[in-house]
Structure formats: structure tokens, C-alpha cells
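I'd like to walk you through one model, so please have a look at it while I talk.

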Amino acid sequence: RTEIIEYREAMSSAPNDSKSSQPEAKMEELKLSSGYTMPILGLGTWKSKPGKVEQAVKYAISECGYRHIDCAAIYGNEVEVGNALKDCMENKGIKREELFITSKVWNLYHAKEEVLPACKKTLKDLGLTYLDLYLIHWPMGFTLIDGNYKLNKIHYTETWAAMEELVKSGLVRSIGISNFNIEQVDDIMKMAKIAPSINQIESNPYIAQTELISHCEKHGIKITAYSPLGSQDNPARQERWPVLLKDKAVVALAKKYGKTPAHICLRYHIERKVSVIPKSVTPSRIAANIDVFNFKLTAEDMKDLEKTEFFRSCCPPKEIEWKGEKIFIPRDLCHPYFPFEECLEKFKDIRAEYQDERGWAPEK
């Protein structure tokens, strides 16, 4: 099941000629602190299955006008993405400089000597000589021992220093972070010779992240939002959580503008000057997702979308035995660099005492 879900009820009252009556508009861009520009909307490739992602990327670039593709080594599909990029550049008349390609260094490669090989592997898989943007995927580092993840206490500032060397070598144009909280952003800014261009975070109307976004903006760090539509297909999702694309405010605005609920959620980010990377491998939905530049949301619309709920879908749960009861906690809660403050506060007593089987617990 893909992330984009269309709800017919949201479109039932839309005029048939709504799209044709709206002005054409070009892709908007964000100016990064590195001096480069990034298309504000891109195609995400997380959980895009092998055998499908290549065709999806080809279609997005050659048929729909996408130029921003978001990748990561851990997604396991960069070779296929690379095949698509090669086809577009060799057979579709697309120039490399027209594209903006993002990837991320995975948590197993946070040591300073591991970052360069990881980047070179990604470049090889993608068939590129440079990346437009390379991110530290998470502030948490791991070590793989006998096939199992164990705590790695390498601090993300060490990783950042190695990321800066990638820029100096010409392998990467802009560097950034992902899933970093305010304190962790400040840690990077205190030592950085090259400031992060991007912090990629989970964000949608149910998890607005206003404080974090504002803090990053003060440092000149732009934001990319993943899971912008609520990540309905995320395995960590709980049944009690509301469905963003069925939210009354979202559906009402979709009817108002003759758009889908997905369009409203994507435009929500664009109005905030936040980059957004919806994912899909379905041609009709890939095409639909980029059709968000011919209307705008008002300040009142934006206010209607702001919610108080905080449903973080990127935080997989883990069941533990705690004081005679079985409860769910975030899987990586006990990692010293676990970034999500609301979880740290909610489970602070558990985090202070619990030692899980991977040896993850804060130092006393």
C-alpha cells in the first residue's frame, strides 16, 4: 500500500474543470546555506520496493517534471534509482545539473573513517560523481555484531566533521542532518565549519514540529518533511491513531480547492517553506503529488490544519516487561542520542533504569 491515498468523498463536490481553471505554476525552490537551490518538492523512495522504484523514478523525472529525488543507503534500492537516473540522463535529455539527489549515511557508519567509504558506495550505486545533499540519517550510531545491532557511542559531531570533508573533496555539494532535535542541532552548530543545509524530520499537520523548525531557521537550516501524509502504511502505526487524510479539516479544504486531501497536506508544507518528499510508485499518484503549485492556502486555512495531536510514526514500538506489566516503549529509547524529546519526557523513569538486551542504556 502506498502512502498517497485518494478519498472520493473529498472530491465529490469539486468542479470538473477546477484544474483547467487554475493558473499553471512552476516548481518552487529553496535557497540553501551552501548557496545551492533545492526543489521544494521531491520524490521519496523509502519503502519503494525493488522492481518498482526504477520505473517510478523514471516516470517522475521524464513524465512529471520531478528533479528532486530523496534516497538513502538503508532503503536498499539505490542501484535501481541509479539505473533510472542513468536512463533519464542518457535517453530523456535530462542533464545532471538539473537534478537534485539526496542520500544519507546510515547509523552503522558514524566513525570518521567510515563516512567516506559509505558515501562512495552510495555514489557508485547511484551512478553519480557527486551528491547534491548528503545527510546523517540519525544521530544514533550502531555497531553490527553477529548480525545484531549494538550501541555505538560515537558522537554525531565526529560524524559531522567527516561529512565536512566530503564537501571539501567535491563528492558532496551540501550536507545536513536528519531526525536531530534542538539540542543536537546546537551541538552541530557549535563545532561546524560548514553549517547544515537541511534537517530532514517527520512532519505533517499532526506533528507540526513548529518549535524545531523555527529553531533551525534561526541557524539558516532549511527543513525537509518526510511522512507528510501521515505514513498510513508504517508498520509502527497504531490503530488508535487518527487518519490524517480523513481529518475533517483536511477533507474540507480539499473540497474547497477542488484538490485531494494529499494535495492539502503537501501544500501545508510548501506554505511554510518546508521541502516535502511524498513517496509513491503509482504513476497517477506521482503525477498528482506534483500538482500543488497552482493554488495556495490562506492563513486561516493553515490555522485550521494545525492540530494538537502528536503521532510520531517513525518511532517503532517495543514491548517490554516493566514492574510486572507489559508496556510499549520506543524501540531505541535507551540510546544516549535518542532524539525525540516528547518520548524522553514520557518515559524518563524507564529510560533511567531500563537496560535492554542490546546494552543500550544511558551512562549514570
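**A walk through the model**

Let's start at Asn 179, which sits in the loop between β9 (172–178) and α6. Keep in mind throughout that this is a predicted model. Asn 179 has a positive phi, about 65°, although it is not a glycine. And is Asn 179 buried or exposed? It's buried, with a relative accessible area of 4%.

One of the residues touching Asn 179 is His 137. You'll find His 137 in the loop between β6 (131–136) and β7 (141–145). His 137 counts as buried too, because its relative accessibility is 7% and the cut-off for buried is under 20%. Leaving aside neighbours within four places in sequence, His 137 is in contact with Ala 72, Ile 74, Tyr 75, Lys 104, Val 105, Trp 106, Asn 107, Ser 178 and Asn 179.

Now move along to helix α6, residues 182–191, where Val 185 is found. Val 185 is buried, with a relative accessible area of 0%. What is Val 185 in contact with, leaving aside its neighbours within four places in sequence? The list is Ile 177, Phe 180, Asn 199, His 215, Cys 216, His 219 and Ile 221. Take His 215 from that list: Val 185 and His 215 are 30 residues apart along the chain, and their C-alpha atoms are separated by 8.7 Å.

Next stop, the loop between β10 (198–202) and α7 (210–218), which holds Gln 209. Gln 209 is another residue other than glycine with a positive phi, near 60°. Gln 209 is buried, at a relative accessible area of 13%. Ser 203 lies in the loop between β10 and α7 as well, and Ser 203 is buried with a relative accessible area of 0%. Not counting residues up to four places away in sequence, Ser 203 touches Ala 208, Gln 209, Ile 213, Ala 225, Tyr 226, Ser 227, Pro 228, His 269 and Arg 272. For Ser 203 and Ile 213, ten residues apart in sequence, the C-alpha to C-alpha distance is 9.8 Å.

**A pair of helices**

Let me switch to α2 and α3. Two packed helices are described by the angle between their axes and the distance between the axes. Here α2 (residues 53–64) and α3 (residues 78–91) pack at about 35°, with axes 8 Å apart, and α2 passes α3 in a right-handed crossing. On the α2 side, the contact is made by Val 53, Glu 54, Val 57, Lys 58 and Ile 61. On the α3 side, you have Glu 80, Val 81, Asn 83, Ala 84, Leu 85, Asp 87 and Cys 88. How do the residues of that contact divide? Seven are nonpolar, one is polar and four are charged.

The buried residues of α2 are Val 53, Ala 56, Val 57, Lys 58, Ala 60, Ile 61 and Cys 64. What covers the buried residues of α2 includes β3 (43–44), β4 (68–70), α3 and α10 (283–289).

Just after α2, Gly 65 takes a positive phi of about 90°. Then comes Arg 67, in the loop between α2 and β4. Not counting residues up to four places away in sequence, Arg 67 touches Pro 39, Ile 61, Ile 94, Glu 98, Leu 99 and Phe 100. Arg 67 and Arg 96 are 29 residues apart in sequence and 9.8 Å apart in space, C-alpha to C-alpha.

**Zooming out**

In soluble globular proteins, nonpolar side chains tend to be buried together. In this model the largest nonpolar core has 102 residues. Which of them touch the most other members? Those are Leu 41, Val 57, Ile 101, Leu 131, Tyr 134, Met 163 and Ile 264. Leu 41, leaving out residues up to four places away in sequence, has contacts including Met 27, Tyr 66, His 68, Ile 270 and Phe 293.

Last, the overall numbers. The protein has 13 helices and 14 strands, and buried residues make up 57% of its 364 residues. Among contacts between residues at least 6 apart in sequence, 74% join residues at least 24 apart. The accessible surface comes to about 16500 Å², with 50% of it belonging to carbon and sulfur atoms.

Note on methods. Residues are numbered from 1 along each chain as its sequence is written. This is a predicted model: local features need pLDDT of at least 70, side-chain atom pairs count only at pLDDT 80 or more; totals for chains, interfaces and linings use all residues. Side-chain values use heavy atoms; hydrogens and water are left out. Helices (H or I, at least four residues) and strands (E, at least two) are DSSP runs, numbered from the N terminus. Buried means under 20% relative accessible area, exposed over 50%, partly exposed in between (1.4 Å probe, protein chains only). Contact means heavy atoms within 4.5 Å. Accessible areas come from the Shrake-Rupley method with a 1.4 Å probe; for residues, only the protein chains shown count as cover. Axes are lines fitted to C-alpha atoms, for helices over the stretch in contact, and angles run from 0 to 180 degrees between N-to-C directions. A crossing is left-handed if the near helix is turned anticlockwise from the far one by less than a right angle, and right-handed if clockwise. Ala, Val, Leu, Ile, Met, Phe, Trp, Tyr, Cys and Pro count as nonpolar, Asp, Glu, Lys and Arg as charged, and the others, Gly among them, as polar. A nonpolar core is a set of buried Ala, Val, Leu, Ile, Met, Phe, Trp, Tyr and Cys residues joined through side-chain atoms within 4.5 Å.
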